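This report describes the architecture of a two-chain model and the contact between its chains. The sequence and coordinates are shown first.

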Amino acid sequence: MMGTAATQKAGEENGSAGAPPAAGGPGGFQQRVLGELGRLQGTVTESSVTGPRRMLAKVAPDKIVEVCRLLRDAGFEHLSALTCVDYDSELQVIYLLWSYKDRCLIELRAAISGAEPKIASVTSVWTGAEFHEREAYDMFGVVFEGCPNLKRVLLPDEWSVFPLRKSFKVESIHEKRKRIEAEKAKAAKAAAPAAAPASEPAQPPKQGGTPDGAPAPKGGGAP
Amino acid sequence: MTQMWINMGPQHPSTHGLWDLLVRVDGETIMEAQTKIGYLHRGVEKIAENRTIEKFLPLNDRLCYVANSSWTTLFTMAVEDLLEVTPPERAQYIRVVVLELQRIASHLVWLGAYGADMGLLTMILWGWRDREIILDLFSLLTGARIMHNFPRVGGVRNDLPPTFKDRALKAMDYMDQRIPEYEDLCGRSELFAMRTRGIGVLPLEKAISLGCTGPMLRASGLEQDVRKEEPYLVYDRLDFNVPTGQNGDGWDRYTVRLEEIRQSASLVRQALNNMPEGDVMAPGFKMPKVLPAKTIYRRAEDPRGEGAIYLVGDGKTNRPYRLKIRSPTYVHLLAIPFYIKGARMSDVPVIMGGADPCMAEVDR
């Protein structure tokens with residue numbers, strides 16, 4: 001019984017798959033949002049619809065709070081995630097907002113300088129932004145001005161590096177092994193000429209028994 | 001009365017993992033709280049930037065030790081979006097079976113731990129006993145109980161074994177018999193009701209503003225489910241309800257999750273019965289040497305809430321340029337200080353447990 005219900009439903013869905021979205025559906029909503037963003041000359045430099053439920057906008061970083069508040073009031077109630085991407089020339093702060101009612105996601109990108117990463121906090125729009133901003137600060141060192149509790153969250157407080165920056169290099173296990181072998185070889189090479197004259201006086205205690213120079217092995221002491 | 005700070009963690013029976021909730025108490029009343037996490041941080045996002053997609057795939061199983069395949073499936077879906085591959089229909093149905101079995105297993109662990117938090121130790125024994133039946137199914141399907149490493153980019157690793165369908169259907173019938181027993185044990189217990197009703201209340205507006213998702217948000221009254229609002233795989237062809245609560249308290253979190261077990265059992269049945277024959281891997285698909293320079297944000301309904309992956313390809317290498325994992329419980333745990341004020345000390349484990357923490361996923 002359950003099977004037939006599901007297949008019937010599947011049929012209906014397939015039938016209506018090609019139909020354009022109803023008025024007020026995701027398509028209409030997207031156009032409305034584009035219109036509102038288009039009015040913000042100089043604040044939103046670029047905005048587009050990238051998929052059936054996806055939108056993208058590039059925002060001037062100094063106006064991010066205004067844009068976020070406007071979008072929240074337009075229906076994007078849920079801050080799904082806030083993160084950063086480190087392009088070598090700039091640091092992009094990414095805001096991913098979801099609208100529960102109109103079922104659409106908008107991605108906001110604000111490009112800031114990597115050398116002096118600073119942007120206003122959106123905690124006044126979403127209380128939960130604090131958690132994402134703390135993580136972005138932790139991993140990228142972006143200072144969110146106005147964030148009430150901007151401190152390390154996943155990493156220890158005393159760390160001074162921001163590990164998700166591209167300048168923070170991680171060596172693979174092979175690279176690590178190679179580096180350690182190279183260091184060892186170098187140390188051995190450096191020690192070899194220095195150790196050569198010293199090796200003769202070092203010889204007698206070595207013959208005496210244990211390699212670490214422990215006194216009187218019991219095999220020698222017993223008889 | 002003098003106030004003092006108490007550490008509920010990092011090693012405490014009610015944390016269900018390695019995290020710490022610092023609470024400032026005035027007598028028995030909580031005045032303030034702070035969440036401390038990061039004990040399990042492994043830098044998964046950085047590791048991903050230094051590995052090819054195939055090499056990173058098994059690590060996704062380690063993102064959550066209770067709902068492993070949920071994360072691996074989400075990651076493969078994100079990569080499929082990036083590469084514009086569609087897995088064959090049969091693979092999509094198999095994924096739904098795996099995801100829903102995983103949801104049942106995860107919720108059973110939660111229910112058991114939640115019961116144990118308030119001294120109902122029978123529940124933890126029953127929860128883990130019945131989870132074992134799901135793990136046996138995973139063992140049959142993937143060869144592993146916990147770390148399945150089963151989904152692949154473009155499909156799943158192997159087809160269902162011949163006996164799988166019968167055993168899974170039988171297991172779902174068994175689940176349907178057990179759910180009323182849980183209801184008898186927890187739902188009809190006056191003590192359970194007293195320990196959960198009106199405890200840890202999270203109003204809807206606050207829940208949305210804090211970014212809570214999944215069962216936490218549904219308990220607060222919003223009918224939100226990524227499987228419904230942005231259907232992936234074949235969820236749009238399957239019939240299921242999204243349970244909601246009204247008060248957003250510990251009791252609603254219990255009823256919502258219990259109903260989800262029932263819905264998931266029904267989904268497994270539907271997926272197994274409607275599954276077409278065919279390939280389980282996209283025919284002729286090969287991982288490209290270079291990922292396209294594109295950005296993908298893929299969301300999915302994890303047992304704990306909205307899981308999502310933000311994936312950036314750079315068009316030069318076969319490693320992700322950036323991988324962001326949006327963990328639902330990360331938000332839920334950091335949100336606890338915003339609604340715990342005024343609770344009693346004895347309610348703290350119930351509030352902590354209600355968030356369903358899974359630390360591997362929180363700390364990543």
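## Helices on the sheet of chain A

In this predicted model, helix α3 of chain A, residues 64-73, lies across β1, β2, β4 (90-99) and β5 (104-112) of chain A. The helix runs at about 175° to β5(A). Helix α4 of chain A, residues 129-140, also packs on the sheet, where it touches β3 and β4 of chain A. The direction of α4(A) makes about 15° with that of β3(A).

## The five-stranded sheet

Which order do the strands take? In chain A, five strands form an open sheet in the order β1-β2-β5-β4-β3, and the pairing is mixed. The edges are β1 (44-51) and β3 (78-87) of chain A, each of which pairs on one side only. Neighbouring strands of the sheet are turned against each other by 20° on average, direction ignored.

The individual pairings can be followed across the sheet. Six bridges connect β1(A) with β2(A), residues 54-59, in the antiparallel sense, and A:G51 stands opposite A:R54 of β2(A). Between β2(A) and β5(A) the sense is parallel, over five bridges; here A:A57 has A:L108 of β5(A) as its bridge partner. The strands β4(A) and β5(A) run antiparallel and are joined by nine bridges, with A:W98 partnered by A:L105 of β5(A). These two strands, β4(A) and β5(A), form a hairpin with four residues between them. In the turn, A:R103 has a positive phi of about 55°.

## Chain A as a whole

Chain A contains six helices and seven strands, which follow one another along the sequence in the pattern α-α-β-β-α-β-β-β-β-α-β-α-α. Of its 223 residues, 30% count as buried. Among the contacts in chain A with a separation of 6 or more, 45% are between residues 24 or more positions apart.

## The contact between the chains

How many residues does each chain bring to the contact? Chain B gives 38 residues and chain A gives 33 residues. On the side of chain B that touches chain A, two or more residues come from each of α1 (44-49), α8 (204-210), α11 (250-274), β7 (305-312), β8 (322-326) and α12 (328-335) of chain B. The largest share of this side, five residues, belongs to α11(B). By residue class, the side of chain B that touches chain A comprises 14 nonpolar, eleven polar and 13 charged residues.

Helix α11(B) is mostly covered, with 19 of its 25 residues buried. At 1.5 Å a residue, the 25 residues of α11(B) should span 36 Å, and the end C-alpha atoms are 36 Å apart, so the two values agree.

Is β8(B) enclosed or open? Five of the five residues of β8(B) are buried, so the strand is largely enclosed by the rest of the structure. From β8(B), B:R322, B:K324 and B:R326 point one way, whereas B:L323 and B:I325 point the other way; all are buried. The strand β8(B) runs antiparallel to β7(B), to which five bridges join it. In this pairing, B:R326 of β8(B) is the bridge partner of B:A308.

## Confidence

The model scores ipTM 0.86 and pTM 0.83. Chain B has an average pLDDT of 89, and 100% of the residues score at least 70.

Conventions: Residues are numbered from 1 along each chain as its sequence is written. Chains are lettered from A and ligands numbered from 1 in the order in which they are written. This is a predicted model: local features need pLDDT of at least 70, side-chain atom pairs count only at pLDDT 80 or more; totals for chains, interfaces and linings use all residues. Two residues are in contact if their C-beta atoms, placed from the backbone, lie within 7 Å. Ala, Val, Leu, Ile, Met, Phe, Trp, Tyr, Cys and Pro count as nonpolar, Asp, Glu, Lys and Arg as charged, and the others, Gly among them, as polar. Two strands pair if DSSP finds at least two bridges between them. Axes are lines fitted to C-alpha atoms, for helices over the stretch in contact, and angles run from 0 to 180 degrees between N-to-C directions. The expected span of a helix is 1.5 Å times one less than its number of residues. A residue is buried if 20 or more other C-beta atoms lie within 10 Å of its own, exposed if 12 or fewer, and partly exposed in between; C-beta atoms are placed from the backbone. pLDDT is the predictor's confidence in each residue, from 0 to 100.
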